[in-house]
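This report concerns a protein chain and the ligand it holds, and it begins with the contacts of that ligand before turning to the chain as a whole.

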Amino acid sequence: MADLIRLLPDHVANQIAAGEVVQRPASVVKELLENSVDAGATRIILVIKDAGRTLVQVTDDGRGMSAMDARACFERHATSKIREADDLTTLRTKGFRGEALASIAAIAQVELWTREQDQEIGTRILIEGSRVRTQEAMACAAGTTLAVRNLFYNVPARRQFLKSDGVEMKHVLDEFHRVALAHPEIAFQLVQNEHEEYNMPAGNERQRIVHLFGRKYDERLVPVEEHTDFVNVTGFVGKPEFAKRSRGEQYFFVNHRFVRSNYLEHAVRKAYDELVSRENYPSWFLFIDIDPAQIDINIHPTKTEIKFRDDRAVYAMVHAAVRRALGRFNIVPSLDFEPEPAILAAFASHQSESTPARTTVPAWRPQDLGAFNAPPRPSVEGWQQLFDLGSAPSAPDPAPTEAPQRVMPWREHEGTPGERPVFQLHGTYIIAQLRSGFMVVDQQRAHERILYERNRKMMEQGAGLSQAELFPRHVELSAADLALVQDVLPELRSMGFDLEPFGGRTVQVNGMPAEAAEEDPTRLLEDLLEQLKHERGTLRNERHHILARSMAHSMSIRPGRVLATAEMHDLIDRLFACEMPYHTPSGKPTLITYGLDELNERFER
Ligand code: ADP
Ligand code: MG
């Protein structure tokens, strides 16, 4: 029998390979722009006609190519970027496969002009369907221009798969945005059908975002900046109130390469947890810088997915960075704590190891995550018990009916409370002086926020302190409620509910969360179940959020509760020791500030 196996001719092999690399005009845009970036360009011009069907042209002022390289760049696996497999671990360029130009030249008519910076004369090459038509020496500008005409001219089947111009142009713009965002240090211009769409000078990240998406973005962004030896996370996230119903602008760049990652997306969404509802999408532009050896780059040529060697550490870092940025900047503008020493001191006294002072930008450390930040405080019953697990009595208190003393000795050594005037209004609001004016704190909401963060930490650590009931109590539930309780039993236990099924539809309550010991277990449980039923998240994280929030709400102090001065100070201090003091877990404001200038204006001073 005759031998049947043959090696495919190069142009056929290239055409097949092109099927992977080039799906649509936008793929060409991506490859050419990235080559220009890799060539060290400071200015890149993209010209598009008919959504890229008839022309995609990229001009750069990069290093250019020699006559030999100009010919070689269209060979398959021809690359100047790596020489051996090991080079992949130090890769900082976009390209490295040497496939793009070979693929593009197999399915389009390509014209190349290129000149090295130190040469007088450049090279022009015309190539179509992998066949070189012309190669000549030519006078041209230093740098490179690649014009790709009539994409898929020799592959009608592929041409038919292209979508409308509108759709194709959207893909082109997406690629352009990604590269332009990743490299604000490069000037970019985009000309579409003879019309200049963008002309952006080199600048910083913020300026680039504004150039691409409009002036309004300037005020919507909160800077993110965290540095460690392992990874740096910088960039911007959108303020929660500007989250959109549709997916907004969401970009991750790893070493200046756009990547898609559900995993990282989850880390960011989680940081917005109680600030943005699940149906809304905040924007983000996050730049992750990491040693290339820490990523697995060797993935499909057109895929934007990425693999980190230690993806959990990156996740934690991204989450912490965004969380902290939101906490730091989600501020009512006139709030001016910085120069007020008394309040600063109060801050400091609540900053445990794990929550560095809010007024500086501290370096992130792995132990920051999920650390339990309630510092041990002198044990005072009543008020104290509203917050601290650490001070909960370890043995059951036989006389819980006695009204606990509500006043606590307040850090006298830090100066008299008189230095920080506070005042309670209608048993509901606390008014406190700020250097630049005053703030009104909603006492219940503040308390809710404090309890919420505490609950979350306990759940993460599974370390809720329970105060044993002297006599176990029995609570009878509906069948549905019972099923629900069983479902969330681990979470309930981690918050300090010591429950066990007692047969039938009854659960036995052996212990209650220490700080809720005064509450009626039946009411508290029913409250919780009610809220859980309303919005039942399936993810563990959502469940934690809902439970922690409901618990916080059920246990928070009510309007009408009269507070002593020391209690008010304490509440405010604890509020500002929170990661996110300005909103309740359901996103309502905890405080409002008024500036002196506002008062002065109204008094016409
Ligand atoms: P890769 O980028 O993976 O190396 P390409 O097929 O995209 O593969 O490009 C092949 C080679 O052509 C590159 O390695 C580079 O040396 C050269 N090249 C491509 N575009 C440019 C450009 N705009 N300026 C200078 N050299 C370029
Ligand atoms: Mg390339």
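## Ligand 1 and its surroundings

In this predicted model, a polar side-chain atom of D60 lies 2.9 Å from a nitrogen atom of ligand 1. The table sets this pair beside two others; a polar contact is here a pair of N or O atoms within 3.5 Å.

| Protein atom | Ligand 1 atom | Distance |
|---|---|---|
| D60, polar side-chain atom | nitrogen | 2.9 Å |
| G98, backbone N or O atom | oxygen | 2.8 Å |
| T144, polar side-chain atom | nitrogen | 3.3 Å |

On its own, ligand 1 has 530 Å² of accessible area (Shrake-Rupley method, 1.4 Å probe), and the protein covers 93% of that area.

The shell around ligand 1 has 19 residues, of which N35, T79, S80, K81 and G98 come nearest; a residue is near when one of its heavy atoms lies within 4 Å. By class, the shell divides into 7 nonpolar, 8 polar and 4 charged residues, where Gly counts as polar and Asp, Glu, Lys and Arg count as charged. Helices α2 (25-38) and α4 (100-106) each supply at least two residues of this shell.

## The chain as a whole

The protein chain has 18 helices and 22 strands, taken as DSSP runs (H or I, at least four residues; E, at least two). Of its 605 residues, 52% are buried, meaning under 20% relative accessible area with a 1.4 Å probe and protein chains only.

Residues are numbered from 1 along each chain, with chains lettered from A and ligands numbered from 1 as written. Local features need pLDDT of at least 70 and side-chain atom pairs pLDDT 80 or more, whereas totals for chains, interfaces and linings use all residues, and side-chain values use heavy atoms, without hydrogens and water.

Methods: A polar contact is a pair of N or O atoms within 3.5 Å; within protein, one must be able to donate a hydrogen and the other to accept it, and residues adjacent in sequence count only if both atoms are side-chain atoms. Buried means under 20% relative accessible area, exposed over 50%, partly exposed in between (1.4 Å probe, protein chains only).
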